[in-house]
Structures are given as structure tokens and as C-alpha cells.
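Dear colleague,

Please find the structure below, handed over for your own work. My notes on what was found in it follow directly after.

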Amino acid sequence: MSEVLGEEPEVVLAERRYEAISRILETVVRKREAKKLTFTDILDHVFLHRALGIPIFLALLYAVFQFTFSFSAPFSDMIDMFFSWLGGLAEEGVMPANPVLASFLSGGVCAGLGSVLVFIPPIFMLFLALAILEDCGYLARAAFVMDRMMYKLGLHGRSFIPMITGFGCNIPAIMATRSIENEKDRIITILVNPLMSCSARLPVYVLIAGVIFGSSYAAGAAVFSMYLLGIALAVMMALIFRRTLLKGLPAPFVLELPRYMIPSPKSVILHMWERGKWFLIKAGTFIFAVVVVIWTLSTFPWGATSGGEIIENSYIAAFGHLIEPIFRPFGWNWQAAVALFFGFLAKEAVVGTFGALLGAGEEAVDTALASAGWFTPLTGFAYMVFVLIYFPCVATIGIMLKELRPKWVLFAATYTLVLAFIVAFIVIGVGHMMGME
Amino acid sequence: MIRVALIGNPNVGKTELFNRLTGLRQHVGNWPGVTVEKKTGKCIYKGEEMEIVDLPGTYSLTAHAIDELIARDYIVEEKPDVVVDIVDGTNLERNLYLTLLLLELEANVVVALNQWDMVNERGIEIDVNKLSELLGVPVVPTVATTGEGVEALKEAVLNAAEGREKRRKVVMGYGEDVEALIKKVEAVIVKDTSLSSKYPPRWLAIKLLERDEEVTKRVEDSPFWDEMREVLKR
């Protein structure tokens, strides 16, 4: 058959279809004037520039995080004050009648859940910024610019679209890989997707960066560096997988760029809400459940801890001391270790754990964490790095199981954990060499 | 109830049109690949209930990518009453490729010529009646962002579902050499009546010639498979 047609039949038939389309268009379409240079063309000269494209993308990303970090702070403080007030109220009002309930309300609900809900403003701000970038048509350009680099490295160009979606949440990002034709390209893209820092990790960065750097530009830069590190690691791991486990050439692909437009406020707000509401739902259900578990484990046995005051006598302390040795080389205490453990379920739970463990009704979780002195700038930064990399959350594992064979999912869980230890060690090592503690 | 499927290339405003038709607020992005799973909504027009399914955006209907397969399987297996093919009027050359594939599938196609405002803005003139005539299906200009033409589209869909739209079967010729091959394969396929009643024989023949893995798998059980393979080999 190929002999008859002289070429692959699939190619020949596609060509013939395009010929038929040209015949139709000849009779149907007439252009009144020659194509002018459109607004989109002019902007693309800048945004898709070979040399400037990537710096522009990084600069915009940096602006997004500084915006997120600085504009959300006053709103976060307001939520913080509200929960502190509520916690104090619960302690005063309920304590005499029912000390266990009082401890639950103030230490568990207000401090634990409150510490997570404080991050509503930054998360919504981030989604707002991303929605604006997406709706105006820029995000597709960012994908294109990154593609060009990745394609040169032998990676599939289509991969970056799901990866940019991963800044919001890895779950839709992994589902978006369905448009990748080549199965190997698809597996690689899914495997590295959890390295793209999702919004659930943002609270951890904001909390720790705030504690170790204060509310300076350094904190915003530290948060930004997590996203950069995520991208760099994703590209690096994809390259390694391409060279070792999933050898082959990337399939050629075409990325169509949408035209630029001024985003409609309604669409942007809707967009932000659609994504942000998952954070609220998660906080209200899953994270809340985790916080209740942490509160229970940190308050009981009741007599020994006297309502969580002497936390060292609690079940959770016993568990924390058990796993602490694994993390001791990084300089993290048992509380930080426990937070990482619960972070397996959802990364926001790391913050929730700190909230419940510090349990201070009157003090905000960031000030409490700062005065506890659990992190130095170096160990705190290493902690952020570890949270970025280690283990995709349970929900991501769930969607991976739907899209990949179990052995690949197991592999993804393992390699991210190993990579987290390696990179965090490097951070600590480099820090020590530079004379940091 | 009338079952309507929406299909089109990525980022032509398909989901936006879906939201217009159903009153739902599905996530719309200026970005290809926002819809990866099919979404369903309802629309009532002139007392008729329509179930509207938003399929993933695709350029083609091959078996290579999962999203294309999802879209194709839906049309082949579920056989919706009407398939609304949303076409970006500013880029007909690329968009009509999918339209031709849908016609090959013998789907009950209504073309929504979307981004009609941009077509005018860019000074492109499209003879809508001529296009409709050449494709053999109704063509309705729409602007999903403003809702312009959406009522006319609903009307066309309703008419198409009730078989009132004038429609003729257009067979797009592949040229003598390919047509001869298609005819030969088709001749064997029509012998298997259960197969040819389920799928359009010409479409099966074309897919077999293209060595489409999914279609080949479906045909392998046919008692005439050996005969088909014999023809395909030559």
C-alpha cells in the first residue's frame, strides 16, 4: 500500500485533506486587505524574543510573588487577629466549664485551622495574578519560551503547559498531560510535575520565610527561589529520566498561541474563586481533620500534658522523638519532623501542625514560631526546600494512579523523597561552607 | 432529549460557548487544553431539552493522544444526535481539518463559525452560504464572548436534530489512487453487516488504511478480517 502511494498512508491522506480544504477556501474566503502587523504580533516580538523571553518570564514571576507576599500581609494579619481573639475567647469562656473543649477550641480549631486559613489572602492573590497572566494570553507564551529551551534539551515541548498549570495545583496539571501524544513524554511530564511548586506549598514558604527573614524583600525572594528551584529540578529530573529510564526522542509538536486580550474582571475573579475554593474546601474538611488528629495526639494523655501545656509528655512528642533522628542532620527538631510527616497528606498540614503544636491562643503562629527559635535562616531554608520536593500529596498520588501504572507512581513517591534529602543536604552543606548555622 | 456534542480545536472558545448554551460556569482559559475531560450541561430551547457535552479540544481524531480518543470514542460509540463543530473563523485552514474528519464519521454536524467579530475585524470575508453548501452542513456565525449568534445556533441544532436542516452527504475525494484503495477495503467491510451497521464503512476503510491501532483492534474480530488484511497488504 505504501508502495502505491509512495509514502506513509496516514501522511498522504492528511495531505489530501489539506488540499481539499484549500479548494474549499479558494471559493469561500476573500481577504479585503493585506495582513497588518497586529497588536499580538508586536507583543510577541518582545515576549517571545530569543534572548529576552526567559528573563521576562522570570521577572514577571518574581513580580507575581512579591505582589502576593506584600499585598496579602495586612489581610493575613487581620485573619490572624480574628482567630487569636476567638481562641482567647474560647479559653476564657469555656475553660472553667470544660477544659478539654476549651483546649480543643483554642489549641486545635483556632490555632491549628486558623494558622492555615491565614493563608487565604496569599493563595487568592497568587491565583489572581496567575489568572490575569493566563487570561491576557501571556501564560501560553511563557510555556512557549520554556518549551524552546526544553526542546533543545531533548524534552517534549508540550510538557511545560501542564507544568505551568502545576503552579496552581498538580492535579489538573497531571490531567492536562493527556494531550501529550507520546506515552514516554507523558510519563516524564507526570513524574516531574510534583516538583512544580503548587499553591498548597505556598503557606509553608510564606510562614517559614517570614519567620527567618522577617517581612522583608528577602522573604519574597526566598519564596520566589522555591519556584525557580522547582522548575530547575523538574527540567533536570526530566532530562535524567529521558537519558536513562525513558529513552527516546521527543515527539515534534505544535503549540498554538492564543491572541492577547484584556482580561475581563469577571472572568479573572471567577477564575481565582474556582481555584481558591478548593483551598477553602480542603481546609474545611481534610486539613481540619488532620488538625484534630494533631491536637488529640498533642493534648493526650490529658493528665500528663495538663491540657497540652507540657507537650513533651504527649503521644505526638513520643512519635516525634521517634522520627526526629532522621532529620537531625538538617537541624530540625521533633516538631518540624512531625509537621513533615503530616505534610504527606497535604502540604498545608505542615503549617496546621505548627499551629496546633505551638497552640498559643494569643500569639500568631508566625510570631510564636519565630520566638520558639526552631529555625535558623539556614535550617529554615533547607526546610522549605525539603517541603518543595518531598513526596507529592496524597491527592496527587491518587490522580497519578489514575494516569500511570502503579510502579511509576511508587517510583515518583520514592525519587521525590530521595531527591528532597539530597537537595536539603546540599543546602545545609553549602550553608556550612559559607559559615552559616 | 436531544444529545449534542461540542467539538473543536483547542482554544477556539468551545468552553465559552458551552457556558453560553448551558448557563454553567465552566472554567474558561485563554490557553489550549483547559478541557481534558468531557463535561455535561443542559439547555432548553423551544421546550426541547438538550444535553450538551463539551469534548476536549483536538486538532485531529487519531488514536495517538488520549484526549483525541476521548472525543472520537464519544462520537463513534455514543452517537450524539448533533455534533456542533466549533471553528475559529480566523483560522479556517487548520480548523476545517477536524470538520472533514467529522464528516467522514458521518456525524450530524452543525458548524459554529466562531470569533466572527475577529473575522470582520481582520478584514476577512467568508461566504457562509457557500461554505455551508460545500460542506453540506449548516454553518452559523457566532461570537461566544458576547453571545452573538448563539440563539441561531440553538435553532440550527434543533433543526438538525429533527432532520429539518437541509443537508447533503458530501464525500471528500482523496484522489483516484487513494479512492481505489478505499473502495477495495470498503467492499470487504460491507460484507460484515454487524460492523458496517455500527460504523460508517468508508470511515473504517480510511482508518484501516491509515493503520489506526484502535480501529484495527475493533475490526480484528470480524470474520472477514483475513480478507481485509489481504486487501490492505496489497
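Glu106(B) is partly exposed, because 15 other C-beta atoms lie within 10 Å; on this scale a residue is buried with 20 or more other C-beta atoms within 10 Å of its own, exposed with 12 or fewer, and partly exposed in between, the C-beta atoms being placed from the backbone. This is a predicted model, in which local features need pLDDT of at least 70 and side-chain atom pairs count only at pLDDT 80 or more, while totals for chains, interfaces and linings use all residues. Residues are numbered from 1 along each chain as its sequence is written, and chains are lettered from A and ligands numbered from 1 in the order in which they are written.

Glu106(B) has a positive phi, near 55°, although the residue is not a glycine. Its place is the loop between helix H3 (92-104) and strand E5 (109-114) of chain B; helices (H or I, at least four residues) and strands (E, at least two) are DSSP runs, numbered from the N terminus. Lys79(B), also not a glycine, has a positive phi of about 45°. The loop between helix H2 (66-78) and strand E4 (82-88) of chain B holds Lys79(B), which counts as partly exposed because it has 15 C-beta neighbours inside 10 Å.

Strand E1 (residues 2-8) of chain B is largely enclosed by the rest of the structure, because 5 of its 7 residues are buried. E1(B) runs parallel to strand E3 (residues 48-54) of chain B, joined by 5 bridges; strands pair if DSSP finds at least two bridges between them. Within E3(B), Asp54(B) stands opposite Leu6(B). E1(B) also pairs with E4(B) in the parallel sense, over 5 bridges, and Gly8(B) has Ile86(B) of E4(B) as its bridge partner.

Turning to chain A, there are 21 helices and 1 strand, and 47% of its 437 residues count as buried. Its C-alpha atoms fill a box of roughly 90 × 45 × 40 Å along the principal axes.

The largest nonpolar core has 127 residues, and Ile208(A), Val223(A) and Met384(A) have the most contacts inside it. Such a core is a set of buried Ala, Val, Leu, Ile, Met, Phe, Trp, Tyr and Cys residues joined through C-beta atoms within 7 Å. Helix H12 (residues 217-243) of chain A gives the most to this core, with 12 residues. Apart from it lies another core of 67 residues, including Leu6(B) and Ile75(B).

Yours sincerely
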